[in-house]
Amino acid sequence: LQEVVSEESEEESNGVNLMEFSDEILLHILSYVPCTDLVLNVRRTCRKLATLCLDKSLTHTVLLQKDYKVNKDKVKQLMRDIGKEIYQLNMAGCYWLPSSTIDHVTRCKNLVKLNLSGCHVTSLRLSKMLSTLQHLRSLAIDVNPGFDASQLSSECKATLSRVSELKQTLYTPSYGVVPCCTSLEKLLLYFEILDRSREGFMLSGQLMVGESNVPHYQNLRIFYARLAPGYVNQEVVRLYLAVLSDRTPENLHAFLISAPGSFAETGATKNLLDSMARNVRLDALQLPKAWINGSGLLQHLKFNNPFYFSFSRCTLSGGHLIQRVINGGKDLKSLTSLNLSGCVHCLAPESLFRKAEDDIDSSILESLVVSCCNLRHLNLSAAHHHSSESIGNHLCQLLSRLKHLLSLALPVCSITDVAASVEKPPTTPNLVPQTFGRKVRIGIQTYPRNLGDQADQKIESSVFWALMGSLRFLETLEIIGSSFSSAMPRNEPAIRNSLPPCVRAQSVGDSEVAAISQLTYLQSLTLAQLPNILTGSGLVNIGLQCQHLRTLSLANLGMMGKVVYMSALMDMLKHCKCLRDLRLEQPYFCAGAQFFQALSHCSSLQRLCIVSRSGTLQSDAVMSFMANCLEVIMCHMFMGESLTVCKNLQQSIVRSFQAERPALNVVIFPLLHEDLTEVIRDVPMRHLDEITLFKSRVAEEPPNLWW
């Protein structure tokens, strides 16, 4: 857009002049330009654009959360120019901006919504800023060690008393600003407190002195809590829940707690759930598995028009799911998001005598599909969902009826054709066994070059091919092995050994990956533990056909002893012009010159993460890649190289590119080093949560939980 005026004469000669478009069309085009560029650059090109760039439709909401080029000076100038016109400001994840940047937010006197998650904000700065924002109704902040609520001024507390929506990420045991928010209707809590300090001391879940004020939940409609692993997080969230157990808000309609591992039910939480069963009707529900397993809770809870359910990792059987949640198969068209990840028995009538690998009951899935026909987000990963040989009752055939799906997560073993898996043994003469082998010759193309060749390998009438053909508008797809676990879990040492894939998954490979290329609007793709990947030819099809792909995560494809799909991956990357995030997890991955040369074709790439046990890298190739790909602001590589090699490369990248890329975050470290967890704790939460750590993200949270 900055070149509009300079190219005007050329456009006129071709009969096209952008400035002759209507204001409505130009405003729509300008809405795709970052606000900092509009205000600081584009509006200076001509008078017409100078007026349009300051239109209320463009300045009402300012999004800086992924504007990685913004710096303190740009924010300062932006607030000076349009501060009074901004009503919604999102600076979430701007970890690179100094804390003094927040001082300029005081110019936005009319702010109604403010998101500062991931920004450095002290108690005093927060107090000074909020004292001037009298119209604020929605706030998101972090509570870091050293936060002191006693430093908040009376003017600040007056502003907080009018806030109705609060998102608070806790890195230290604290109530934060919750006790000051007496009008809360929506409360989102993210607990990221570590069990040990940097010095190795065990932390306590007790709140700091002076933080005994009681939260005000009487107007609460939405309560959401997400816990990172660790007992301290569990202790602190119980303090938040204690007030709820005394008096359950009458208007509560969404109650969600996401807790990994074991989070035992106590007398207080049981009283809370009993009170909810008596007094409220819910529209969204998520509970720790220990609170649901073996209890009759779901039988007593009442639902209004539910839009989100998550029973992740619960032992809920399909019979209970249909009878207690879906009301015996009655109409549940309001449900748009359902997370059954890790529910190994959710598609079986009962779980008492059933093995996790037994076939599913297709009638349960059919009832689910018929009742919840408007589902947009469905997660069935981390379980063995094996279809029987009954014609027309395959899981893929039943799911193809869900025409509104936008995101879907499935286990690898659920997409295989039953006949193929029965007729074809797990290992064929052409299948490379899952053992160590010789190095792959990268330079020779050994895979089909187009869709027609791929179709010759496997008939396109497979159930998974048909499913992909029926879900034309799918934007997010995850195909994850039921026994897959990442090599670098949260807060623990790297995993050295992985479990073998499910027997039913042994036939899933290149042709299934090629079927994904039918998803024209695909934006995010995750493939993990597909054992029968021989060449990776399907990846090339995806690169050619899925031109909207922005996020790609590949893990443990094919045999573990060598990267059999490297040649196809490099060919694929040459076509991924919109790719922004790439995560690769594969043992023995060689991040060399050829790989980075291919990756350089991804001109939009911003974040790269490679996790590879015994993997190698070429420092010169990495430096050349960083120099060529100017948009890259995150480079995380956890390989098999020595600590010295990793540190030298990390320092070289930071020294060479930090000045021109203020948001640059580089972590290069040996995967199996004992200090890995200490290094991980310094990674900005935005990168850690969105790309560095592997997890299923489909239906992880209710849609539109926060703006």
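Ala, Val, Leu, Ile, Met, Phe, Trp, Tyr, Cys and Pro are counted here as nonpolar, Asp, Glu, Lys and Arg as charged, and the others, Gly among them, as polar. The model is predicted, so that local features need pLDDT of at least 70 and side-chain atom pairs count only at pLDDT 80 or more, while totals for chains, interfaces and linings use all residues. Residues are numbered from 1 along each chain as its sequence is written, and side-chain values use heavy atoms, with hydrogens and water left out.

A pocket is an open set of points, on a 1 Å grid over the protein atoms alone, where a 1.4 Å probe fits, with protein on both sides within 12 Å along at least five of seven lines; its lining residues have an atom within 4 Å of a point. The second largest pocket holds about 1400 Å³ of space, a volume being the space filled by probe spheres set on the points, which are joined across faces, edges and corners. Its lining has 47 residues, and P260, R313, F694, K695 and S696 are the closest to the centre. By class, the lining comprises 19 nonpolar, 18 polar and ten charged residues. Domain 2 (185-195 + 213-300) and domain 3 (586-706) each contribute at least three lining residues, the bounds coming from an automatic or database domain assignment.

Disulfides, defined as pairs of cysteine sulfur atoms within 2.5 Å, number zero. For C180, the nearest cysteine sulfur belongs to C181, 6.4 Å away. For C578, the nearest cysteine sulfur is that of C576, at 9.0 Å.
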